[in-house]
Amino acid sequence: MRARKLLIGVASGMLLAGAAQAQVQGPGIYGFAIGAYLFDAGKKDYQFQPTEARMGTKDGPAGRLQVGYRFDIPVDVAVAAQGADFRQNRPVMAAFNERLSARYLALDLEAGYTINLGGAAIRPAVGARYVDFRHTYSESGDRLGMKFKAVGPRVALSASGRLGSSAFSLFGDVSGSALFGRLREQGGGDSIAQHSASKGRMAWNMDAQAGVAWEPYPMVTVAAGVRFEGWWGVNDTRASVPTGIDGRGDRLGFGPFIRLAYNWGAPPADTTAPPLPTGSKSFIVFFDFDRATLTATAMQTIKQAAAQAKTGKATRIDVTGHADRAGS
């Protein structure tokens, strides 16, 4: 319980700290992909016989793919798929070998609302999550399989903040789900009789991550950070006798991740200049993305425009500024 409260507190603090100068994305289709490698957080899963020590899965790959649409109003909808695959092979004796694997697939549907406050942006979201969690345990000729399928409400909170005027930003997000479903168990082999059991189960899930993002091009970000996934009650803790489901087992993991995001539906800035009088010459000055400073090339263009005006040939000067939803 202390570890869970600590993780929630750290994630919430990073969210609030990162919301100071958040960047607002433009309307349109957006998406991102996350690749992670999660390590066992120390919670053990199974005890095959009463005299044996418990064992748990170790590290493994994980990932998330999300696609959504942002409307002109600060509302967006999204769908996502998330999963992980954890495995462990641990020899016990020369004639025995324990094998344990755990994998899951989660599907999410959510709607978010972006709140902008003086350049800050925080996005709360609500939705639903479906999960198919599967554990497999084997020792010599004995094998036990457990499946947990459930669905339930999900809430999330995310934020990001640019580091000054640079192309880097801090970000973080946290989400929680209450999952209602059934845990089904089947097993059999050399030392245990063939059996099956099923039981209604409520489980909890929490995902949290924080990191640093870099924006090499407008609407494109590359990020890296640390991710945590917690699943409480998605399996049982013993597989020793065919008397039904015994206890509650957890899956906790943390590790590094990378993320690639792209807002490919955002409209480009309008650079169309108004018509000029016949015989006049036009000069266009561009600024770097999300910057108000003039580059060396822009300064040279301004000098040329000033020289043109001093000749007396210019009859009108038009100053036009364009703003879009990209940038802070």
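A: Thr 297 is exposed, with a relative accessible area of 61%. Exposed means over 50% relative accessible area, buried means under 20%, and partly exposed lies in between (1.4 Å probe, protein chains only). This is a predicted model: local features need pLDDT of at least 70, side-chain atom pairs count only at pLDDT 80 or more, and totals for chains, interfaces and linings use all residues. Residues are numbered from 1 along each chain as its sequence is written, and side-chain values use heavy atoms, with hydrogens and water left out.

Thr 297 sits in helix α2, residues 296–310. Helices (H or I, at least four residues) and strands (E, at least two) are DSSP runs, numbered from the N terminus. Phe 287 is 10 residues from Thr 297 along the chain, and their C-alpha atoms are 9.9 Å apart.

Now step back. The chain has two helices and 11 strands. From the N terminus, the order is α-β-β-β-β-β-β-β-β-β-β-β-α. Of the 328 residues, 41% are buried. Count contacts (heavy atoms within 4.5 Å). Among those with a separation of 6 or more, 67% join residues 24 or more positions apart.

Thr 136 is in strand β6, residues 120–139. Its relative accessibility is 18%, so Thr 136 counts as buried. Leaving out residues up to four places away in sequence, Thr 136 touches Arg 99, Leu 100, Ser 101, Arg 143 and Leu 144.

Next, the charges. The structure holds 11 salt bridges. Each is a side-chain nitrogen of Lys or Arg within 4 Å of a carboxyl oxygen of Asp or Glu. Asp 108 pairs with Arg 154, with the closest N and O atoms 3.9 Å apart. Asp 108 lies in strand β4 (residues 96–113) and Arg 154 in strand β7, so this pair ties together parts 46 residues apart in sequence. Both Asp 108 and Arg 154 are buried.

Arg 154 has another salt bridge, to Glu 110, at 2.6 Å between the closest N and O atoms. Glu 110 is in β4 and Arg 154 in β7, so the pair links parts 44 residues apart in sequence. Arg 154 has a relative accessible area of 8%. Glu 110 is buried too, at 7%. A network of salt bridges includes Asp 108, Glu 110 and Arg 154, and also Arg 64 and Asp 76, among others.

Arg 134 and Asp 132 form a salt bridge as well (3.1 Å, N to O). Arg 134 is partly exposed at 34%, whereas Asp 132 is buried at 15%.

Finally, the surface. The chain exposes about 17,500 Å², and carbon and sulfur atoms supply 62% of it. Such areas come from the Shrake-Rupley method with a 1.4 Å probe; for residues, only the protein chains shown count as cover. Patches use residues with over 30% relative accessible area and no salt bridge: like charges are joined within 9 Å, and nonpolar side chains (Val, Leu, Ile, Met, Phe, Trp, Tyr) within 5 Å.

One nonpolar patch has about 780 Å² of accessible area together, and Ile 29, Leu 65 and Val 67 are among its residues. β2 (60–70) and β3 (75–93) each give two or more residues to this patch. β2 gives the most, with three. Ile 29 belongs to strand β1, residues 28–40, and is partly exposed at 35%.
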